[in-house]
Amino acid sequence: DIFQSLEEDGHESSLANFALAKAGASEIMEYAQYLGIDPLKEPQLLRIAEEGLQAPLPDGWSEHEDPDGNIYYHHISSEESVWQHPLDNFYKAKVVRERARLRERRRQRESKSGRSRKAAACSESASRGVAPPSEFSLLQRGAAVI
């Protein structure tokens with residue numbers, strides 16, 4: 001058992017750090033899913049969940065616990081109390097923006113690589129004395145008509 005081995009070797013602090021990291025990862029995964037992130041399909045978005053968990057409450061907000069142990073948030077000047085963390089909607093919107101940005105970047109990359117492949121094919125064909133596909137198609141049609 002890795003835990004017993006760490007304890008026996010006098011690495012209690014390593015054991016504690018490992019346990020904290022494991023608990024932290026679990027919390028990040030849970031919050032990521034709450035934000036609408038699929039941790040397996042969108043691991044690049046997990047940093048947003050981590051950022052959200054580490055962010056301090058906005059000015060004027062405080063965290064409280066009801067008699068049943070449920071956490072709620074209170075805004076001092078408006079005297080409003082809510083169950084949802086005041087920054088949850090901010091981080092949900094950030095996920096949507098980042099997902100769109102990544103999708104656009106991927107689209108541009110694919111578009112660019114598609115043009116690069118087409119240019120490479122034309123260049124290779126030209127070096128062998130073969131007309132590019134569009135011209136070749138016209139030649140074929142012309143030959144068929146003649």
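Q: What counts as a helix or a strand here?
A: Helices (H or I, at least four residues) and strands (E, at least two) are DSSP runs, numbered from the N terminus. The model is predicted, so local features need pLDDT of at least 70 and side-chain atom pairs count only at pLDDT 80 or more, while totals for chains, interfaces and linings use all residues. Residues are numbered from 1 along each chain as its sequence is written, and side-chain values use heavy atoms, with hydrogens and water left out.

Q: Where does Glu 80 sit, and which residues does Glu 80 touch?
A: Glu 80 is part of strand β3, and Glu 80 touches Trp 61, Tyr 73, His 74 and His 75, where contact means heavy atoms within 4.5 Å and residues up to four places away in sequence are not counted. From Glu 80 to Trp 61 the C-alpha atoms are 9.3 Å apart in space, and the two residues are 19 apart in sequence.

Q: And is Glu 80 buried, partly exposed or exposed?
A: Glu 80 is partly exposed, at a relative accessible area of 40%; buried means under 20% relative accessible area, exposed over 50%, and partly exposed in between, with a 1.4 Å probe and protein chains only.

Q: What order do the strands take in the sheet?
A: The open sheet has three strands, ordered β1-β2-β3, with antiparallel pairing, and two strands pair if DSSP finds at least two bridges between them. Strands β1 and β3 (80-82) are at the edges with a single partner strand each, so one side of each has no neighbour in the sheet. On average, neighbouring strands are turned by 30 degrees against each other, direction ignored, with axes being lines fitted to C-alpha atoms (for helices over the stretch in contact) and angles between N-to-C directions running from 0 to 180 degrees.

Q: How many bridges join β1 to β2?
A: Five bridges join β1 (residues 61-65) to β2 (residues 71-75); in β2, Trp 61 has His 75 as its bridge partner, and His 64 has Tyr 72. The two strands form a hairpin with five residues between them, and Gly 69 in the turn has a positive phi of about 90 degrees.

Q: Switching to the helices, which residues of α3 are buried?
A: In helix α3 (residues 46-54) the buried residues are Leu 46, Ile 48, Ala 49 and Gly 52. They cover an arc of only 155 degrees around the axis, which puts them on the same side of α3, the arc being that of the directions from the helix axis to the C-beta atoms.

Q: How many salt bridges does the structure hold?
A: The structure holds five, a salt bridge being a side-chain nitrogen of Lys or Arg within 4 Å of a carboxyl oxygen of Asp or Glu. One of them pairs Glu 42 with Arg 99, with the closest N and O atoms 2.6 Å apart. Glu 42 is in the loop between α2 (12-35) and α3 while Arg 99 is in helix α4 (residues 88-127), so this pair ties together parts that are 57 residues apart in sequence.

Q: Is Glu 42 buried or exposed?
A: Glu 42 counts as buried, at 13% relative accessibility, whereas Arg 99 is partly exposed at 22%.

Q: What does Glu 51 pair with?
A: Glu 51 meets Lys 94 in a salt bridge (2.8 Å, N to O). Because Glu 51 lies in helix α3 and Lys 94 in helix α4, the pair ties together parts that are 43 residues apart in sequence.
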